[in-house]
Number of protein chains: 2
Amino acid sequence: MDEEYLRRAIALATANVAAGGGPFGAVIVREGHVIAEGANRVTAAHDPTAHAEVVAIRAAGQALQSHDLSGCTIFASCEPCPMCLGAILWARLDRIVNAATKEDAAAAGFDDSNFYAELAKPPSARQTPMRRVLAAEGIAPLLAWRQFSAKVRY
Amino acid sequence: MDEEYLRRAIALATANVAAGGGPFGAVIVREGHVIAEGANRVTAAHDPTAHAEVVAIRAAGQALQSHDLSGCTIFASCEPCPMCLGAILWARLDRIVNAATKEDAAAAGFDDSNFYAELAKPPSARQTPMRRVLAAEGIAPLLAWRQFSAKVRY
């Protein structure tokens with residue numbers, strides 16, 4: 001069954017190239033049912049976050065009316081990049097099934113491998129400069145959260 | 001000037017707690033102008049990807065009608081999580097300015113620190129199982145992309 005869902009993700013990826021998008025597709029499945037699909041929409045939607053996995057996760061959240069996708073598996077035509085793996089962790093997805101790898105993506109001109117290396121570095125060594133200021137003021141929202149009794153955790 | 005924009009991001013974060021959302025805010029600035037703002041909308045929008053930085057990046061993409069945010073700086077009330085840092089890299093943002101840290105976020109109950117550790121592990125050692133199948137078939141979309149002359153790179 002894994003192969004069947006993954007073939008659907010690969011088919012979405014291939015079809016998306018002909019439609020002018022990036023070569024990536026994803027399918028989210030729960031209890032044997034496809035609940036969401038996605039293909040890369042970065043250039044079409046002017047949205048750098050619209051990777052196939054993110055598009056599918058956002059659609060699954062709408063389908064289930066929940067930010068918590070526990071119990072779901074994501075089938076991705078290619079190994080998720082760090083942004084998408086972060087999204088998968090936050091969404092609490094149970095499992096990932098992929099076909100191509102980040103090295104395959106890099107060979108096709110994508111930055112996935114570089115970005116994994118970037119995230120593993122300390123902030124001061126990364127390509128994007130990071131500056132920290134207002135350390136004391138920055139705690140205020142987190143303290144407000146800790147004290148807010150009606151909060152919805154995620 | 002950094003402090004002024006960052007205070008706005010912190011104010012968005014604090015206001016968002018009272019509105020029932022997570023304690024995070026972000027502002028994106030280009031050439032001295034605020035082009036987009038965001039606050040955490042994970043629970044309100046049933047969207048696990050709707051962190052303040054992602055919300056602001058998506059809004060900036062719409063404002064500029066581009067997936068490429070080169071020339072922009074993001075001011076984040078808290079150090080970006082791996083998902084958001086990945087989004088920042090893909091969006092080609094020039095610079096990050098933050099107030100709180102991922103350790104501050106962890107102390108308030110958020111998974112940012114854990115997720116940085118997860119991404120640094122090899123896939124087989126991570127909490128979310130990853131299975132690779134259909135390696136040969138998975139190359140097809142990437143080959144289609146390499147051969148598609150009209151592609152829009154990102």
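Okay, housekeeping. Residues count from 1 along each chain as its sequence is written, and chains are lettered from A, ligands numbered from 1, in the order in which they are written. Because the model is predicted, local features need pLDDT of at least 70 and side-chain atom pairs count only at pLDDT 80 or more, while totals for chains, interfaces and linings use all residues.

Let's start with the symmetry. Two copies of a chain are related by a rotation about an axis and a shift along it.

For the classes, Ala, Val, Leu, Ile, Met, Phe, Trp, Tyr, Cys and Pro are nonpolar, Asp, Glu, Lys and Arg are charged, and the others, Gly among them, are polar.

Five strands make an open, mixed sheet in the order E2(A)-E1(A)-E3(A)-E4(A)-E5(B). Helices (H or I, at least four residues) and strands (E, at least two) are DSSP runs numbered from the N terminus, and two strands pair if DSSP finds at least two bridges between them. The edges are E2 (33-39) of chain A and E5 (130-132) of chain B, each pairing on one side only. Strand-to-strand twist averages 20 degrees. At the chain crossing, E4 (residues 95-100) of chain A and E5(B) run parallel over three bridges, with B:Arg131 as the bridge partner of A:Val97. Go to the other crossing and E5 of chain A meets E4 of chain B, also parallel with three bridges, and there A:Arg131 sits opposite B:Val97.

Which strands does H1(A) lie across? E1, E2, E3 and E4 of chain A, together with E5 of chain B, at about 150 degrees to E1(A). Angles run from 0 to 180 degrees between N-to-C directions, with axes fitted to C-alpha atoms, for helices over the stretch in contact.

H1 (residues 2-18) of chain A also meets H7 (residues 140-147) of chain B: their axes come within 8 Å and cross at roughly 5 degrees. The two helices are therefore roughly parallel (under 35 degrees; over 145 is roughly antiparallel, 65 to 115 roughly perpendicular, the rest oblique). A:Ile10, A:Ala13, A:Thr14 and A:Val17 face B:Ala140, B:Pro141, B:Ala144 and B:Trp145: seven nonpolar, one polar, no charged.

A:Glu31 has a positive phi near 50 degrees without being a glycine. It's in the loop between E1 and E2 of chain A, and A:Glu31 counts as exposed because it has 8 C-beta neighbours inside 10 Å (12 or fewer is exposed, 20 or more buried, in between partly exposed, with C-beta atoms placed from the backbone).

How values were computed:
Contact = placed C-beta atoms within 7 Å.
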